[in-house]
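Me: I would like to go through a protein model with you. Could we take the topics one at a time?

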Amino acid sequence: MALHSAALCFNNISCNPQTSGAFRQLSAPSFFRPFTVKASGFSSPSPVALPRFKLQVATPLGKALPIDNGAPEKDESSLVVCFGELLIDFVPTASGLSLAEAPAFKKAPGGAPANVAVGIARLGGSSAFIGKVGEDEFGYMLADILKENNVNNEGMRFDPGARTALAFVTLRKDGEREFMFYRNPSADMLLQETELDLDLIRKAKIFHYGSISLITEPCKSAHLAAAKAAKDAGAILSYDPNLRLPLWPSAESAREGILSIWETADVIKINENEISFLTQGEDPYDDSVVRKLYHPDLKLLLVTEGSEGCRYYTKEFNGRVKGLKVEAVDTTGAGDAFVAGTLSQLATDISLLEDEARLRDALRFANACGALTVTERGAIPALPSREAVLDVLLKAVV
């Protein structure tokens with residue numbers, strides 16, 4: 001297995017995927033307004049974080065690029081801190097094939113919490129990432145990608161004894177994704193509570209995380225400590241379970257692990273498959289089933305349904321927001337783009353949770369983020385800018 005340019009190739013076969021998409025009309029949203037992009041900082045508070053001097057990072061072509069890890073000023077009043085895994089996704093260059101059938105793979109940065117952090121920053125919001133990668137070329141490349149996308153990476157740590165995680169992912173002909181993970185263990189699993197940047201966590205307006213960081217120690221303890229610090233500081237806790245059964249010891253341990261922190265979250269995003277899994281086979285389209293997952297302190301429960309859009313549930317109201325119809329090339333990162341679209345707006349105006357009309361507009365925006373992401377390969381490379389999302393929504397109502 002050898003890395004050639006941006007693809008992992010076998011038998012000298014290569015493909016040039018083409019993307020296309022057709023968008024369905026939506027009613028005119030109310031959130032078209034001027035927007036100021038905020039800069040993010042990248043300073044490092046400790047020797048194990050990203051160094052403040054210039055690093056030499058290998059590019060896919062073998063050249064070295066300097067990374068200036070300076071710390072520009074930023075407005076942290078709407079900061080979203082994302083905690084968890086950052087890894088390399090290998091995505092087939094041809095669609096509709098199993099991993100074994102794929103002729104070549106394109107490498108793309110990924111990991112659900114990191115995808116959300118980049119998605120928020122690309123939409124013009126303020127975000128930071130906390131997690132661990134290997135002290136290797138992939139790890140430093142990922143740190144550089146966060147910086148290039150205006151994500152504050154001062155909470156990143158590098159492990160000299162473990163590699164950056166890898167994941168191979170494909171969209172099969174039946175529409176289902178297939179995953180193969182290389183984590184034995186990977187660096188993200190080894191983040192320790194003592195390595196947390198608590199000052200950064202306490203600045204968060206929203207603290208976002210998944211469940212993969214709950215699977216093994218020491219990362220599980222680090223996750224719980226980080227969430228507690230954020231909650232104690234007044235942050236909104238956002239949770240996307242992001243079920244990946246192959247990573248858990250068993251289905252039962254996955255269910256128990258995901259639900260173990262359920263009632264601490266203020267905002268939860270799930271999909272139909274996760275509802276069925278958590279309720280042990282009940283109908284995910286039945287509102288009464290979904291309401292079973294709504295705990296007393298929850299502010300917003302979101303259910304994503306791919307191209308069909310999403311459902312939303314609060315204490316006072318619930319409903320559905322239709323999605324945009326597109327031709328899917330790669331669904332990796334679509335849910336993360338939706339989360340980024342949602343949190344980028346909640347971070348600037350949490351009162352959206354109390355106004356159904358404005359919440360629906362915010363979710364139209366989030367649906368468009370997810371739709372645009374599936375028209376390109378890879379997660380982070382496909383995440384849209386705010387301008388691209390607004391353009392799509394404007395065209396949809398013409």
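Me: What should I know about the model before we start?

Reply: This is a predicted model, in which local features need pLDDT of at least 70 and side-chain atom pairs count only at pLDDT 80 or more, while totals for chains, interfaces and linings use all residues. Residues are numbered from 1 along each chain as its sequence is written, and side-chain values use heavy atoms, with hydrogens and water left out.

Me: How much space lies in the largest pocket?

Reply: The largest pocket holds about 1300 Å³. A pocket is an open set of points on a 1 Å grid over the protein atoms alone, where a 1.4 Å probe fits, with protein on both sides within 12 Å along at least five of seven lines. Its volume is the space filled by probe spheres set on the points.

Me: Which residues are closest to its centre?

Reply: Among the 49 lining residues, Arg 177, Asn 271, Thr 331, Ala 334 and Gly 335 are the closest to the centre. A lining residue has an atom within 4 Å of a point.

Me: On to the sheet. What is the order of its strands?

Reply: The open sheet of 9 strands runs 9-8-5-12-13-14-15-16-17, with mixed pairing. Strands are DSSP runs of E with at least two residues, helices are runs of H or I with at least four, and both are numbered from the N terminus. Two strands pair if DSSP finds at least two bridges between them.

Me: Which strands are at the edges?

Reply: Strand 9 (152–159) and strand 17 (318–321) are the edge strands, and each pairs on one side only.

Me: In what sense do strand 15 and strand 16 pair?

Reply: Strand 15 (residues 300–304) and strand 16 (residues 310–313) pair in the antiparallel sense over 4 bridges. Thr 304 has Cys 310 in strand 16 as its bridge partner.

Me: New topic: how many aromatic pairs are there?

Reply: The structure holds 11 aromatic pairs. Rings of Phe, Tyr and Trp (its six-membered ring) pair if their centres lie within 6.5 Å; planes under 30 degrees apart count as stacked, over 60 as edge-to-face and the rest as tilted.

Me: Why is the pair of Phe 90 and Phe 138 called edge-to-face?

Reply: The ring centres of Phe 90 and Phe 138 are 6.4 Å apart and their planes are at 70°, so the pair is edge-to-face. Phe 90 lies in strand 6 and Phe 138 in helix 2 (residues 137–148), so the pair ties together parts that are 48 residues apart in sequence.

Me: Is Phe 90 buried or exposed?

Reply: Phe 90 is buried, with a relative accessible area of 4%, whereas Phe 138 is partly exposed at 23%. Buried means under 20% relative accessible area, exposed over 50% and partly exposed in between, with a 1.4 Å probe and protein chains only.
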